[in-house]
Amino acid sequence: MERATQLVGQATSFLDAVERASRAAPLDRPVLVIGERGTGKELIAERLHHLSSRWDGPLITMNCAALPETLIEAELFGHEAGAFTGAAKARPGRFEEADGGTLFLDELATLSSPAQDRLLRAIEYGEVTRIGASKPLRVDVRIVAATNEHLPRLVDEGRFRADLLDRLSFEVVTLPPLRHRESDIPVLADHFGRRMGMELEWEVWPGFSESVTERMLAYEWPGNIRELKNVIERAVYRWGVPDSPIDEISFDPFASPWAPMTNVSRPKPEPEAAAGAQQVLPPLPAPSAYDPGDCADFRLAVAEYEKAILAAALEKCRWNQRAAAQALKLTYDQLRHALRRHELQ
């Protein structure tokens with residue numbers, strides 16, 4: 001619990017990604033880490049570095065989206081004094097700083113085309129040239145890059161160099177989003193909750209109530225683990241009864257009856273649409289292929305109608321299986337069994 005950053009989880013999809021990173025770590029080859037925001041890409045980069053032969057070398061991190069396009073090349077490759085306006089003295093780039101270690105390039109897809117060209121040469125030949133210099137410098141750097149973009153699509157759109165992608169994609173580790181790691185949600189919530197309880201000097205960790213746990217499992221977590229950490233820490237510090245399970249949780253910190261109104265007036269919903277919003281489920285489509293009047297196969301007709309009910313519930317609930325189970329008054333396991341039986345997963 002003393003470490004600030006840890007890989008926590010037990011879901012098979014997550015453990016498979018960690019295992020792939022662990023196997024690639026000893027090899028001195030570039031690795032791409034793909035995943036949505038907040039899925040832990042930087043933690044995987046740290047694992048790749050610390051399990052490699054470069055573990056005692058520097059781990060240099062650069063967020064490619066945090067700098068304007070005009071400064072990215074100078075930040076990566078360095079510059080000589082007087083190379084451009086404001087360059088009062090020479091400065092080494094991130095490649096030189098990472099010599100003998102690992103360079104982690106976050107938000108790789110935001111690199112400009114000229115920066116991609118120079119990055120490819122640095123990876124290909126192990127040489128970098130400072131801006132304003134005439135002689136290249138030899139560097140020994142392992143590249144780990146991360147992005148939340150689908151790079152092959154960017155190549156097709158002409159926004160990313162195909163040869164650079166080929167060079168970087170020796171191994172690709174794709175991290176699953178939290179909504180596909182359902183079994184990890186209570187584990188992570190307990191981990192972050194205990195840390196916050198220690199910070200607040202609680203003597204006993206009370207855990208979460210069953211209703212709060214159900215709400216956490218039903219939530220989609222668009223911000224993944226980073227969002228979950230904020231939500232859990234906020235719930236713990238707002239809870240004023242440390243000797244009883246936490247029974248309140250807020251997913252939206254901006255939710256308030258006194259939130260400022262925007263200047264843009266919102267159109268009022270149509271009466272029919274407003275009435276439809278109160279429905280638990282939309283009207284269920286009748287199985288057109290099996291007319292109850294002349295259908296000779298009773299079991300097949302019932303199965304088709306049941307499949308239509310499940311499909312309508314899932315669509316209404318945006319494919320949130322727990323919400324669909326609640327709407328249909330089924331348990332989560334009953335719904336999952338029915339989805340498998342009708343091949344709707």
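Alanine 324 is found in helix α13, which spans residues 321-327. In this predicted model, alanine 324 counts as buried, because its relative accessibility is 0% and the term applies under 20%. Apart from neighbours within four places in sequence, alanine 324 is in contact with Ala313, Leu314, Cys317 and Leu335. Leucine 335 lies 11 residues away from alanine 324 along the chain, and the C-alpha atoms of the two are separated by 8.0 Å.

The axes of α12 and α14 are 10 Å apart and form an angle of about 120 degrees. This angle makes α12 oblique to α14, since roughly perpendicular pairs end at 115 degrees and roughly antiparallel ones lie over 145. The crossing of α12 and α14 is left-handed. By residue class, the contact comprises 5 nonpolar and 2 charged residues, with no polar ones.

Helix α3 (residues 69-77) packs against helix α5 (residues 113-125) at an angle of about 15 degrees, and their axes are 9 Å apart. The two helices are therefore roughly parallel to each other, as angles under 35 degrees are classed in this way. Their crossing is left-handed. From α3, the residues making the contact are Ile72, Glu73 and Phe77, while α5 supplies Pro114, Ala115, Arg118, Leu119 and Ala122. Of the residues in this contact, 6 are nonpolar and 2 are charged, and no polar residue takes part.

Arginine 94 is placed in helix α4, which covers residues 94-97. With a relative accessible area of 17%, arginine 94 is buried, because the limit for this class is under 20%. When residues up to four places away in sequence are not counted, arginine 94 touches Ile60, Thr61, Met62, Glu75, Leu76 and Leu103.

Helix α8 (residues 184-199) consists of 16 residues. From its first C-alpha to its last, α8 reaches 23 Å, which is close to the 22 Å expected at 1.5 Å a residue. Its buried residues are Asp184, Ile185, Leu188, Ala189, His191, Phe192, Gly193, Met196 and Gly197. Among the elements that cover these buried residues are α1 (12-24), α9 (210-218) and α10 (224-238). Just after α8, glutamate 201 adopts a positive phi of about 65 degrees.

Finally, the protein was considered as a whole. It contains 14 helices and 7 strands. Of its 345 residues, 39% are buried, a group that includes alanine 324 and arginine 94. Among contacts with a separation of 6 or more, 71% are accounted for by residues 24 or more positions apart.

Terms used:
Residues numbered from 1 in each chain as written. Predicted model: local features only at pLDDT ≥ 70, side-chain atom pairs only at ≥ 80, totals over all residues. Heavy atoms only, no water. Axes fitted to C-alpha atoms, helices over the stretch in contact; angles between N-to-C directions. Helix = DSSP H or I, 4+ residues; strand = E, 2+ residues; numbered from the N terminus. Parallel < 35°, antiparallel > 145°, perpendicular 65-115°, else oblique. Left-handed = near helix turned anticlockwise from the far one by under 90°. Contact = heavy atoms within 4.5 Å. Nonpolar A, V, L, I, M, F, W, Y, C, P; charged D, E, K, R; others polar. Expected span 1.5 Å × (residues − 1). Buried < 20%, exposed > 50% of the residue type's maximum accessible area, 1.4 Å probe, protein only.
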